[in-house]
Amino acid sequence: DEEEEREGEPSPKKKKKKKSEEEEAAMKQASEETGDGRGEEEGGPSRKKKKNKEKKEGNGKSNGAVVAGSERSYEEQVALMSVVSKPVASRGLAKSLYKAVRNSQQRKQLRRGVREVVKALRKEEKGIVVLAGDVSPIDVITHIPVYCEEREVPYCFVPSRVDLGAAAGSKRPTSVVLIQPNKDYQKLYQDCYSQVDGLPLSIS
């Protein structure tokens, strides 16, 4: 009877084989869940691929934020300007002014915002005043050209307060800036100064 019972029990070799099969099945399931091994071969995306995809999507979002202020063409931006926003910088001059704004901001030679610019003009600080022509209401900056003419400071309007703010290193729109001279960008400053100074004034 004891021998018959022993014959009915699985042998140690069979037990070992069954255990190894169970371990193999568990490993296979784990690899499929993590996206490695067979799971990746069968079309499951690996962690590396997912990371690259997320990185690309993130770059797309950041690029969209950067170009948000320039979605409209120059002509479309000019069409949205207030009728009292004169003189207006040409496309080429506006581009040069934005570059000068960036340079002056990097060297801390920029006055930004109505309060700072008016304060600088009252102190008779010299430079180029750049105003945004799409500010609403426009009344918040209409007194600045008067200050400029009284102090013989050249000024002009550019089409976009968003682009002006971006050039000034701000995420927020900017209504007015004063570019002050500096030897590090003297040539650019002089070019902009002469062009702005040659524009016809809106106030006699």
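Strands E2 and E4 run antiparallel and are joined by four bridges; helices (H or I, at least four residues) and strands (E, at least two) are DSSP runs numbered from the N terminus. Two strands pair if DSSP finds at least two bridges between them. The model is a predicted one, in which local features need pLDDT of at least 70 and side-chain atom pairs count only at pLDDT 80 or more, while totals for chains, interfaces and linings use all residues. Residues are numbered from 1 along each chain as its sequence is written, and side-chain values use heavy atoms, with hydrogens and water left out.

**The sheet**

- The four strands form an open sheet of mixed pairing in the order E1-E4-E2-E3.
- Strands E1 (110-112) and E3 (155-158) stand at the edges with a single partner strand each, so one side of each is left without a neighbour in the sheet.
- On average, and with direction ignored, neighbouring strands of this sheet are turned by 20 degrees against each other; axes are lines fitted to C-alpha atoms, for helices over the stretch in contact, and angles run from 0 to 180 degrees between N-to-C directions.
- Three bridges pair E1 with strand E4 (residues 176-179) in the antiparallel sense, and leucine 178 in E4 is the bridge partner of arginine 111.

**Helices on the sheet**

- Helix H7 (residues 114-122) packs on the sheet and touches E1, strand E2 (128-132) and E4, its direction making about 125 degrees with that of E1.
- Helix H10 (residues 186-197) also packs on the sheet, touching E2, E3 and E4, and its direction makes about 70 degrees with that of E2.

- Five of the five residues of E2 are buried, where buried means under 20% relative accessible area, exposed over 50% and partly exposed in between (1.4 Å probe, protein chains only).
- Both faces of E2 are covered, with Ile128, Val130 and Ala132 buried on one side and Val129 and Leu131 buried on the other.
- The largest nonpolar core has 41 residues, and those with the most contacts inside it are Leu97, Val129, Ile144 and Ile179; such a core is a set of buried Ala, Val, Leu, Ile, Met, Phe, Trp, Tyr and Cys residues joined through side-chain atoms within 4.5 Å.
- Elements that each supply at least two residues of this core include helix H6 (91-106), helix H8 (144-150) and helix H9 (161-167), and the largest share, six residues, comes from H6.
- Isoleucine 144 is in contact (heavy atoms within 4.5 Å) with Val114, Val117, Val118, Leu121, Val129, Leu131 and Val176, leaving aside its neighbours within four places in sequence.

**Packing of H6 and H10**

- H6 and H10 pack with their axes 10 Å apart, at an angle of about 135 degrees.
- The two helices H6 and H10 are therefore oblique to each other; angles under 35 degrees count as roughly parallel, over 145 as roughly antiparallel, 65 to 115 as roughly perpendicular and the rest as oblique.
- Leu93, Ser96, Leu97, Lys99, Ala100 and Asn103 of H6 make the contact with Leu188, Cys192, Gln195 and Val196 of H10.

**Buried loop residues**

- Aspartate 134, in the loop between E2 and H8, counts as buried at 18% relative accessibility.
- Not counting residues up to four places away in sequence, aspartate 134 touches Leu80, Pro159, Ser160 and Arg161.
- Threonine 174 lies in the loop between H9 and E4 and is buried, with a relative accessible area of 6%.
- Threonine 174 touches Arg112, Gly113, Ala132, Arg161, Leu164 and Gly165, again not counting residues up to four places away in sequence.

**Backbone features in loops**

- Lysine 86 and proline 87 are joined by a cis peptide bond with omega of about 0 degrees, and proline 87 is placed in the loop between helix H5 (74-79) and H6.
- A cis peptide bond, with omega of about 0 degrees, joins serine 136 and proline 137; proline 137 lies in the loop between E2 and H8.
- Lysine 108, although not a glycine, has a positive phi of about 55 degrees; lysine 108 is in the loop between H6 and E1 and is exposed, with a relative accessible area of 72%.
- Glutamate 152, although not a glycine, has a positive phi of about 55 degrees; glutamate 152 is found in the loop between H8 and E3 and counts as exposed at 67% relative accessibility.
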